[in-house]
Amino acid sequence: MRVFEEDAYADRAFASEAKDLDSRDRAFAQRLAYGAIQRVRTLDHAIEQLGGRQVSAMDAPVRNAIRLSAYELAFMDGVPARASVNEGVELVRSGGANRAVGFANAVLRRVSEGIRDLVDALPESTPDEAALKHSYPDWVAETWWREWGAEEALALMRAQNEAPETAVRAVGTGEARVVDRIDPKELEQGLVWPQSRGSQLAGDAVGVQPGDRVLDLCAAPGGKTMQLAERAAEVVAVEVHPGRARELEANMRRLGATNVTVVTADASELPPELTGFDRVLVDAPCSGLGVLAGRPDLRWRARPLPELQRELLRVATERVKPGGSITYSVCTISKAENEDVVDATGLEVEPLNEQWPEFAHPRRPEFLLTLPHKHHTSGFFIARLRS
């Protein structure tokens, strides 16, 4: 309800709503809620086809209860269909829509009888068909179809409808670990940091050497900042949002990074004395098309940001010393935000494929690109440039 009706972010809304659940119930609830948000386009199509009523015409408690049950019926095993229907009806009742209880029951019974066959039979031979079947905006499917071809585009869509792996970085050693669950004690004690292997690769690719002064232009929440701080003499971490800057400072204290200075500022309005850095990391805001698996609502709010990315790289070139390096990373899979942004700078590219050949970009091997369907981690584009 909070995501669809109030435009809330799914991860934040879920964290507050599920805080009193035990770990088993929390995992089930997260899969159900995140899945219904990810698959909402497919679910709404199935509900309308089988239930005979436009989803938009339903009251909010009714349509969201039906969506949850429909997701369980279509994509989850182990729950009897009768139980999924009954729970959906009870959600309608508890949501105060008593007059719609009979309607919801009738719709969900029809959905339970046909949704799996309907979803399985949906075609996927064109971008528009695939977007409906796999529940993506048309523009995402069209982008991947155009840039990667049908087979790779479909593999990307399928992969980012599955739960992402859980990965942490061991603070101090830099070891990347894939784990079943994050130990809350290790997290609280600052021993590990939740961070995908793709994100960790971006931090490593900066190539920090002992003694370096490093500028991290878009720093919060701080995973890559910590990677930089472990080798650098000094890190200046910039964050424009005051709340996220405070969170960044708290994270650095907990992780023991005493050589990090947090600056709350717009990157384009930095104090003049912040210049002459050996290295700059531009981990830029982007459409996030590489992290859709872990952020179920992002696909519905994502948009490309090439103008902002080019501006941030312009700032980086002003703040790095002559001969210094700029590392550009974005968690997206989109030529317009990846290669095109880097090419527009005119800067010399420092190839990364010899050091990380397994992540070399298939078309531009001087860059790195992690792909969820191939590398089983978040999708990151990484380029290192020389000023």
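Biologist: Why is L228 called buried?

Modeller: Its relative accessible area is 0%, and buried means under 20%, with exposed over 50% and partly exposed in between (1.4 Å probe, protein chains only). So L228 counts as buried. Keep in mind that this is a predicted model, where local features need pLDDT of at least 70, side-chain atom pairs count only at pLDDT 80 or more, and totals for chains, interfaces and linings use all residues. Residues are numbered from 1 along each chain as its sequence is written, and side-chain values use heavy atoms, with hydrogens and water left out.

Biologist: Fine. What does L228 touch, not counting residues up to four places away in sequence?

Modeller: G203, V206, V208, V214, D216, V235 and L281. Contact here means heavy atoms within 4.5 Å. L228 itself sits in helix 12, residues 223–229. As for D212, 16 residues from L228 along the chain, the two C-alpha atoms are separated by 9.4 Å.

Biologist: And what makes V192 buried?

Modeller: V192 has a relative accessible area of 2%, and the cut-off is under 20%, so V192 is called buried too. V192 belongs to strand 3, residues 192–194. Leaving aside neighbours within four places in sequence, V192 is in contact with V168, R169, A170, V171, R177, E186, L187 and L255. One of those, A170, is 22 residues from V192 in sequence and 4.5 Å away in space, C-alpha to C-alpha.

Biologist: You keep saying "helix" and "strand". How many of each are there in the protein?

Modeller: 17 helices and 11 strands. They're DSSP runs numbered from the N terminus: H or I with at least four residues for helices, E with at least two for strands.

Biologist: What makes the protein as compact as a globular protein of that length?

Modeller: The radius of gyration is 23 Å, close to the 21 Å that the globule rule gives for 387 residues, so the protein is as compact as a globular protein of that length. The radius is taken over C-alpha atoms, and the rule is 2.2 Å times the number of residues to the power 0.38. The C-alpha atoms fill a box of roughly 70 × 45 × 35 Å along the principal axes. Buried residues make up 51% of the 387.

Biologist: In which sense do strand 7 and strand 8 pair?

Modeller: Parallel, over six bridges, with strand 7 covering residues 277–283. D283 has S329 as its bridge partner in strand 8.

Biologist: How many bridges join strand 9 to strand 11?

Modeller: Two, and the strands run antiparallel, with strand 9 at residues 348–349. V349 stands opposite L385 there. Strand 10, residues 368–369, also pairs with strand 11 in the antiparallel sense over two bridges, and L369 stands opposite F381.

Technical notes:
Pairing = 2+ DSSP bridges.
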